[in-house]
Amino acid sequence: MERIIVREVGLRDGIQMAHRFLETERKLEWVRRDFAAGVREVEATSFVPPKIVPQFADAAEVAAGALAIEGLLVSSLVPNLKGAERSLAAGITHVNYVLSASDAHSRANVRRSTDEAIEEFRRIAALKQTDLGKDLVLGVGIATTFGCTIQGEVDPRRVLEIAEILVGGGADEIIIADTVGYANPGQVKDILRPVLEIAAGRRVSCHFHDTRGLGLANLVAAVEVGARAFDASLAGLGGCPFAPGATGNINLEDTVFLLESLGFSTGIDIGALLELRRDVESWLGDERFSGAIARAGLPKTYRPAAA
Ligand code: COA
Ligand code: ZN
């Protein structure tokens, strides 16, 4: 049975645009119940300035609570060196730094050009040489890989050039991100084939948004060319506040349903996710929740791959 990793990013991407602040204790209940449902990787928080995204003012507390769960791989998202240092100081050594292939999105998101964001990547990777960063495992997301709502086209050659720089510069994981839901399955295959080669054994993850309904089709395309790690968000929450029109990540419950149905083991129990989702909906109130399994239920014929 082949395993596919599904990393829950609801506690980061999922709530970074939420209207309500979710209390720290509820965030931690979310993490604990993810773990109880079989989720083994969670991007638990974001080390951004609380002034910019107040939802993550409690990042250090969430980190401490999540890291207390034995067997859970906890990661963070960071937009810059300072975020990486804060993550390491809070004990989260799996750090996902994100830069944008689109210069326009890069400037809107982090007030830097893509080239400047690459320089910042080098400063973060250099932390591995320091005492604070000696255990750093550095993922790097390439946002707007398939296009950008501000700039439009993103040249795939630019994406591959960036992937080469990242791998050469010490990234441990490359995360191919369709921040705004522009990708189609053909494009996904065209980018992932060379990226998997460039990564040469390092982990390659996909981060898809379902903005235009192709999220799971893109996931299948990625699986077909060999990707084995995906980000997904409970209830399909998510969206980048600095990418106009962005909406949710691929839905976690539906993603597990699809992968298990295809015979890949995720280790995740959909029933437990659906129960958690009901509570998360009540905690968050008025958000855009998506998901076909939550609406229609599991088919009687569903058999998890592991069973
Ligand atoms: N965490 C906490 N504080 C931070 C920080 C971080 N990661 N990065 C910078 N700061 C603080 C600085 O110390 C400085 O504080 P001061 O005013 O008290 O001196 C202030 O924020 C401004 O720092 P600066 O380096 O000039 O940042 P900036 O104003 O150019 O903003 C980013 C750059 C990257 C911090 C900001 O654009 C950002 O947070 N973007 C991320 C957006 C995001 O979350 N997108 C969604 C996920 S992809
Ligand atoms: Zn995202």
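**A loop, a metal and a ligand**

Modeller: Thr-144 lies in the loop between β5 (137-143) and α6 (156-168); helices (H or I, at least four residues) and strands (E, at least two) are DSSP runs, numbered from the N terminus. This is a predicted model, where local features need pLDDT of at least 70, side-chain atom pairs count only at pLDDT 80 or more, and totals for chains, interfaces and linings use all residues. Residues are numbered from 1 along each chain as its sequence is written, chains are lettered from A and ligands numbered from 1 in the order in which they are written, and side-chain values use heavy atoms, with hydrogens and water left out.

Biologist: Is Thr-144 buried or exposed?

Modeller: Buried means under 20% relative accessible area, exposed over 50%, and partly exposed in between (1.4 Å probe, protein chains only). Thr-144 has a relative accessible area of 0%, so the residue is buried.

Biologist: And Arg-111, is that residue buried or exposed?

Modeller: Arg-111 is found in the loop between α4 and α5 (114-125). Its phi is near 60 degrees, a positive value in a residue other than glycine. Its relative accessibility is 78%, so Arg-111 counts as exposed.

Biologist: Which residues coordinate the zinc ion (ligand 2)?

Modeller: Donors are N, O and S atoms within 2.8 Å of the metal (3.2 Å for Na, K and Ca); water is not among the atoms, so sites may look incomplete. Along the chain, the donors follow the spacing D-x193-H-x1-H. At 1.9 to 2.2 Å, the zinc ion is coordinated by Asp-13 (OD), His-207 (NE2) and His-209 (NE2).

Biologist: How many residues apart are Asp-13 and His-209?

Modeller: Both Asp-13 and His-209 are buried. Asp-13 sits in the loop between β1 (5-8) and α1 (24-36). His-209 sits in the loop between β7 (203-208) and α8 (215-224). The pair links distant parts of the chain, 196 residues apart.

Biologist: Which helix gives the most to the shell around ligand 1?

Modeller: A residue is near a molecule or strand if one of its heavy atoms lies within 4 Å of it. Of the 19 residues around ligand 1, Phe-47, Asn-80, Lys-82, Arg-86 and Asn-109 come nearest. Two helices, α3 (81-89) and α4 (103-110), each supply at least two residues of the shell. With 3 residues, the most is given by α3.

Biologist: Where is Glu-253?

Modeller: At 0% relative accessibility, Glu-253 counts as buried. The place of this residue is in helix α9 (residues 252-261).
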